[in-house]
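Subject: Structure handover

Hello,

Here is the structure you will be taking over. My notes on it follow below.

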Amino acid sequence: MTDKLRKALPVLLAAAAAAAPACKRARSAVDSAPAAKPSVAVSLVAAPAASTAKPIDASDAMRGSQRPAPAPPAAPCLSGAGADPAVPDLLEQASRDFEKGRYEDALECAREAGRGDPQSVASHHFRGAALTELGRLDEARTAYARALALDPDDPEVLRSAADLHVRRLGGRDDLELALAYTRRAFTRAHKMKDRALLKDLHLLEAMALDDLGRPGDALAAASKAVELDGKDREARREKGVALFELCRFDDARAELGKLTAEEPDAWAEHYLGLIAERSQDDVAAAAHFARAQQLDSEAFKPTTTPSLSVFGRVVQEEVAKLPADIQSGLKRSNFAVVDLPEVGDLTATDPPLSPGILGLFRPLAEGSSDREKPAIFLYRKNLARAAHNDDELRREVRDTLIHEVGHLNGEDDDQLRDRGL
């Protein structure tokens, strides 16, 4: 394909992809993997001076009525007579509590260790890991930042911080930061020759790259993770997802099919359903989607694809509510509703557009006549999958139309993202 022809084909994608939530398959607080357990190495220093007990902001005392009531004292991490427990013992207990899922207890042990040794990277790391599991993400982010302030290149802290930003936070800036963390960690991880750590870093890298719309790089990272541990199902799943996003549907089907043949896998079933749907095998697609929902009802809530007539009426009603300039933009284009994006449209760019895009703006080819118009598409099945009720469907339709007309008016994806589209 010539560059001239490639430029004439679709180059801009809609605000959110219907398959994109699946790319966050383990990034919510509900279904994400536990944070990696920190090591318990410590560095002992003198106890903090008494002056550190002074309030940082004395005006806090004047705002007591606005602050929550203080919590009762926590039970000691290690009880017993005699001297205060040593920091290594506190961290060992934090490790045991974390391993057993007793995250509140692990947090208190890590706090005690931090009071005994404020320079302990491990104590801040344990706090971050426990706070992550407790859903206190802002505090977890601060704990990891404190650990990295003490040792900016600690590969295990970098892995845990990247995990937080990919699986639990997931915003674009979070994903970019996670990539920076993983890349910083690789140097020491390679020196350590720690295959498990390297595998985790490549996996997190793949997840971040996937969600940032860089499926080719995501595939390379996921493949490295699989090379390091061919039995890791999450790495293999991520490889299958990257193949799907690259529109290599037969390869993705083969990779994900192996996972479901070995044991039930909700996310693999979901993507196999998307692939079957693209092949117009509605019976197989429905079966895959049903199994995905049975296996993970939180991630895959029931959706209903409205008929063409019902969907057309929703679109007409939402178009009528749009501002005059958006309606004018639609009139300046060939506007159509279709079920799914064509492969040729997706693969006209490098990297390909996601098969889950909700809409598309196709600019005019170079040398087109004045009588021709650019095109705007809405994708019915992807939009229906992105919504769980009529209100959500209408919002997705409205936002996607505004997004694509924005492209028609010359805005790029970064500009539209800044506007919340």
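In which loop is Pro-351 found? Pro-351 sits in the loop between α17 (343–346) and β3 (359–362). A cis peptide bond joins Asp-350 and Pro-351, with omega at about 5°. Helices here (H or I, at least four residues) and strands (E, at least two) are DSSP runs, numbered from the N terminus.

Some ground rules. This is a predicted model, where local features need pLDDT of at least 70, side-chain atom pairs count only at pLDDT 80 or more, and totals for chains, interfaces and linings use all residues. Residues are numbered from 1 along each chain as its sequence is written, and side-chain values use heavy atoms, with hydrogens and water left out.

Overall picture

The protein chain has 20 helices and four strands. Of its 421 residues, 47% are buried. Buried means under 20% relative accessible area, exposed over 50%, and partly exposed in between (1.4 Å probe, protein chains only). Take the contacts between residues at least 6 apart in sequence: 66% of them join residues at least 24 apart. Contact means heavy atoms within 4.5 Å.

Cores

The largest nonpolar core holds 80 residues. Val-166, Phe-244 and Tyr-271 touch the most other members. Helix α9 (residues 195–211) gives this core its largest share, nine residues. A second, separate core has 18 residues, including Phe-311, Ile-326, Leu-393 and Ile-402. A nonpolar core is a set of buried Ala, Val, Leu, Ile, Met, Phe, Trp, Tyr and Cys residues joined through side-chain atoms within 4.5 Å.

Two packed helices are described by the angle between their axes and the distance between the axes. Axes are lines fitted to C-alpha atoms, for helices over the stretch in contact, and angles run from 0 to 180 degrees between N-to-C directions. Angles under 35 degrees count as roughly parallel, over 145 as roughly antiparallel, 65 to 115 as roughly perpendicular and the rest as oblique.

Start with α11 and α13. Their axes come within 10 Å and cross at roughly 20°. The two are therefore roughly parallel. The crossing is left-handed, a term for the near helix being turned anticlockwise from the far one by less than a right angle (right-handed if clockwise). Arg-237, Val-241, Phe-244 and Glu-245 of α11 meet Trp-267, Tyr-271, Leu-274 and Ile-275 of α13. This contact of α11 with α13 has six nonpolar, no polar and two charged residues. For these classes, Ala, Val, Leu, Ile, Met, Phe, Trp, Tyr, Cys and Pro count as nonpolar, Asp, Glu, Lys and Arg as charged, and the others, Gly among them, as polar.

Now α11 and helix α12 (residues 249–262). The axes come within 7 Å and cross at roughly 155°. α11 and α12 are therefore roughly antiparallel. The crossing of α11 and α12 is left-handed. By class, the contact of α11 with α12 has six nonpolar, one polar and eight charged residues.

Glu-238 also lies in α11 (residues 233–245). Glu-238 counts as buried, at 1% relative accessibility. From Ala-225, Glu-238 is 13 residues away in sequence and 9.5 Å away in space, C-alpha to C-alpha.

Strand β4

Leu-378 lies in strand β4 (residues 375–379). Leu-378 is buried, with a relative accessible area of 0%. Val-337 is 41 residues apart from Leu-378 along the chain, yet their C-alpha atoms are separated by 4.8 Å. Not counting residues up to four places away in sequence, Leu-378 touches Val-337, Val-315, Phe-335 and Leu-401, among others.

Positive phi

Two residues other than glycine to check by eye:

- Lys-193 has phi near 55°. It lies in the loop between α8 (172–192) and α9, and is exposed at 71% relative accessible area.
- Gln-280 has phi of about 60°. It lies in the loop between α13 (266–278) and α14 (282–295), and counts as exposed at 71% relative accessibility.

Best wishes
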